[in-house]
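Thanks for coming. I will go through one structure, part by part, and keep to local features.

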Amino acid sequence: MRVPLIAEPAPAAPPPPDTAPVTTLAAVHTALPPHRYPQDRLTEPIGDLCLAPGADRALFRRLHASAGVRTRHLALPIERYAALRDFRESNEAWLTAGLDLTERALTTALAQAGLAPADVDLLVCASITGVAAPSLDARLAGRIGLRPDVKRLPVFGLGCVAGAAGIARVHDYLRGHPGGTAVLLTVELCSLTLQKGDDSRANLVAGALFGDGAAALVARAAATGTGAEPAAGPSVVATRSHLHPGTEHLLGWDVGAGGFRVVIDPAVPVLVRRELGAQVRGFLAEHGLDTGDIGAWVCHPGGPKVLDAVTDALALPDDALTPSRRSLAAVGNLSSVSVLHILQGFTEAHRPEPGTWGLVLAMGPGFCTELVLLRW
């Protein structure tokens, strides 16, 4: 009986070289409204908006003093907020001021990257503090000279996490488009969502914490091995998204006749302490890293209690989140704009050494977390 020969398995072919485009963050710029106020200058006017005449303001004043905010920029002069009669007027103010700020942020960021509006292939535009159709990005396109065939993606609902999530989604797009240019544009005019006559703790906290602004981030994709000169900014290495089941009630909007009524549950720092550490360490471990390897923390400044919870959950040195606390003090919590404002500091005055690892970290409604691993 003839025994069939069994061929030896062929040696495994070496994996093909990684030809996926490398996403480089070429420029980021924040635009702030001209109406800048010290925190103590805003306390009593905001109290007049939120509290009943003659109400005890002791708790309210403590919230303002302990928010970690020194100055904030507002979309309107503070005396104009009392004259806003309804959600329609607030939203119209969001659209008018938002267009001006996003135009300034985007044109400046493109100029810093050495590009023109016509070079943009994808525009992702995120905001949770106003709504419009046509969307803000569509109204902006003709105003600054974007191409008629530019791809647009307006995003609503991500809130504070949208800055980090936007970087991740821009990266996803560019991995399939070598040579492409994508822009993330965020605008949050949080002051226009403040609810008059609402003395709930969440509304009072928002009145003490949030500021207004817009930011634009320009990202480019170059295929590896092309010999293209790298841009000056960091590269995106990897991203991670995470939804926490059963936590939808912790953060977001209660939308009603008066517009966007903020929901901020006091349990948010508790959740961060309980769950963030495992998420971040697991994500970093996939790339052979630990928290001690991260030299640039770009963490959304949700507030002093949230920053303390992040520090505890990750066992970080006391100064690791100094850029976040610095941003909070200078402009307040800018929602989705904040991580871009912090990242701008790392691309300008506090540029890390080549080879430095960075982590963009933000949390938002859902309750959700977004992580973006960077390397300079």
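I start with a term: a residue is buried if its relative accessible area is under 20%, exposed if over 50%, and partly exposed in between, using a 1.4 Å probe and protein chains only. Helices (H or I, at least four residues) and strands (E, at least two) are DSSP runs, numbered from the N terminus. What you see is a predicted model, in which local features need pLDDT of at least 70, side-chain atom pairs count only at pLDDT 80 or more, and totals for chains, interfaces and linings use all residues. Residues are numbered from 1 along each chain as its sequence is written, and side-chain values use heavy atoms, with hydrogens and water left out.

Which residues of helix H4 are buried? In this helix, residues 136–144, they are Leu136, Asp137, Leu140, Ala141 and Ile144. Looking down the axis of H4, these buried residues fall within an arc of 140 degrees, so they line one face of the helix. The arc is taken from the directions from the helix axis to the C-beta atoms. The cover over the buried residues of H4 includes H3, strand S4 (122–126), S5 and strand S6 (181–189), where contact means heavy atoms within 4.5 Å. Just after H4, Gly145 has a positive phi of about 95 degrees.

Next, the aromatic rings. Rings of Phe, Tyr and Trp (its six-membered ring) pair if their centres lie within 6.5 Å; planes under 30 degrees apart are stacked, over 60 edge-to-face, and the rest tilted. The count by this rule is 4 aromatic pairs. For Phe87 and Phe260, the ring centres are 5.4 Å apart and the planes stand at 75 degrees, so this pair is edge-to-face. Phe87 belongs to helix H3 (residues 87–112) and Phe260 to strand S10 (residues 259–264), so the pair ties together parts that are 173 residues apart in sequence. Phe260 is buried, at 5% relative accessibility, whereas Phe87 is partly exposed at 27%. The rings of Phe156 and Phe260 have centres 5.9 Å apart and planes at 40 degrees, so that pair is tilted. Phe156 is in the loop between strand S5 (151–155) and helix H5 (162–175), with Phe260 in strand S10, so here the parts tied together are 104 residues apart in sequence. Ring pairs link Phe87, Phe156, Trp253 and Phe260 into a cluster.

Now a helix pair. The axes of helix H9 (residues 322–331) and helix H10 (residues 338–347) come within 10 Å and cross at roughly 115 degrees. Axes are lines fitted to C-alpha atoms, for helices over the stretch in contact, with angles from 0 to 180 degrees between N-to-C directions. Pro323, Ser324, Ser327 and Val331 in H9 meet Ser338, His341, Ile342 and Phe346 in H10.

Last, some backbone details. Most residues other than glycine have a negative phi, and most peptide bonds are trans. Ser335 has a positive phi of about 55 degrees, lies in the loop between H9 and H10, and is buried at 4% relative accessible area. Ala315 has a positive phi near 50 degrees; this residue is in the loop between helix H8 (304–314) and H9, and is exposed at 60%.
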